Amino acid sequence: MLFTFWIYTYAIILVIGSLFNLKQAKRFIQQPSTDETLRKIFETPMRVSQKVIQKTGTNVHVTGRENIPDGPVLYVANHQGLFDILAILGHLGRPVGFIAKKEIKKLPIISTWMELLQCVFIDRSDRRQSMNAINQGIENLKNGHSIVIFPEGTRSRGTKLNEFKPGSLRLATKAKVPIVPVTINGTYKMLEEENGRVKGTTIYMTIHKPILPEQFISLKSAELAAKLQGIVQSALPLNDVLSNEDASNEDIVIHTH
């Protein structure tokens with residue numbers, strides 16, 4: 001637990017140390033939105049994320065960055081653990097925001113950085129607020145800000161995928177932006193596998209080829225969700241793919257909670 005305490009302390013020190021850059025980033029956000037201003041704002045969250053992951057002794061291997069198209073995109077990723085967010089911020093290589101739980105707004109400094117990154121805070125218990133958040137995300141995409149979503153809705157804490165929920169995919173279908181599937185593997189080993197104890201491991205991030213609006217516009221939401229889940233699953237270990245029986249049981253668990 002001493003190592004875990006040290007990692008959290010180190011992360012807090014880095015966040016507090018970002019205050020000067022935060023003031024600069026607030027000035028950047030008042031300028032016209034260009035790739036350069038987005039990069040300047042994103043640089044500090046990216047570096048902080050990289051340093052925290054590095055301090056845990058974790059290596060990150062990324063393949064497929066060349067698949068990311070220019071302009072705003074919706075990244076659709078699986079969600080193994082808490083460190084998914086730092087892995088994406090630190091190693092995706094492009095400025096991104098997130099659809100995040102409203103509770104994160106209570107975190108000082110971090111919440112301000114997230115606002116500058118055009119993150120959208122959502123209250124899943126309030127349907128009207130959830131719809132407003134999705135609409136805000138659509139506007140952010142139209143205005144040139146890429147967004148990451150985790151359509152499983154919660155951490156899987158392992159390599160088996162939970163069912164992808166189609167609702168959040170409206171972000172791409174309404175904004176008419178490409179969807180880039182992303183597979184993350186290994187982050188659950190950093191925290192969730194050890195019941196909250198941080199440890200180093202190896203993370204593999206696979207950035208798949210984009211699905212363009214003309215390729216998904218004719219698909220129903222459920223069809224698109226299933227297609228994306230299949231792509232994300234394709235880069236996970238084959239021996240962890242659900243058997244038909246397991247998948248059926250998993251559906252029961254998902255639908256009864």
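**Exercise 1. Is Arg 94 buried, partly exposed or exposed, and what is its relative accessibility?**

Before we start, note that this is a predicted model, in which local features need pLDDT of at least 70, side-chain atom pairs count only at pLDDT 80 or more, and totals for chains, interfaces and linings use all residues. Residues are numbered from 1 along each chain as its sequence is written, and side-chain values use heavy atoms, with hydrogens and water left out.

*Solution.* 
- Step 1: Find Arg 94 in the loop between α4 (84-91) and β3 (97-101). Helices (H or I, at least four residues) and strands (E, at least two) are DSSP runs, numbered from the N terminus.
- Step 2: Recall the classes: buried is under 20% relative accessible area, exposed is over 50%, and partly exposed lies in between (1.4 Å probe, protein chains only).
- Step 3: Arg 94 has a relative accessibility of 28%, so this residue counts as partly exposed.
- Step 4: Look at its surroundings. Leaving aside residues up to four places away in sequence, Arg 94 touches Phe 42, Ile 68, Pro 69, Asp 70 and Tyr 75; contact means heavy atoms within 4.5 Å.
- Step 5: Its C-alpha atom is separated by 10 Å from that of Ile 147, 53 residues apart along the chain.

**Exercise 2. How many salt bridges does a search of the whole structure find? Describe several of them.**

*Solution.* 
- Step 1: The search finds six salt bridges, each being a side-chain nitrogen of Lys or Arg within 4 Å of a carboxyl oxygen of Asp or Glu.
- Step 2: One of them pairs Asp 123 with Lys 102 (3.3 Å, N to O). Asp 123 lies in the loop between β4 (120-122) and α6 (127-142) and Lys 102 in the loop between β3 and α5 (110-116), so the pair ties together parts that are 21 residues apart in sequence. Asp 123 is buried at 14% relative accessible area, while Lys 102 is partly exposed at 37%.
- Step 3: Another joins Glu 192 and Arg 155, whose closest N and O atoms are 2.7 Å apart. This pair links distant parts of the chain, 37 residues apart: Glu 192 is in the loop between β6 (179-185) and β7 (202-207), and Arg 155 in the loop between β5 and α7. Glu 192 counts as buried at 10% relative accessibility, and Arg 155 as partly exposed at 28%.
- Step 4: Glu 193 and Lys 199 form a salt bridge too, with the closest N and O atoms 3.2 Å apart. Glu 193 is partly exposed at 38%, and Lys 199 is partly exposed at 29%.
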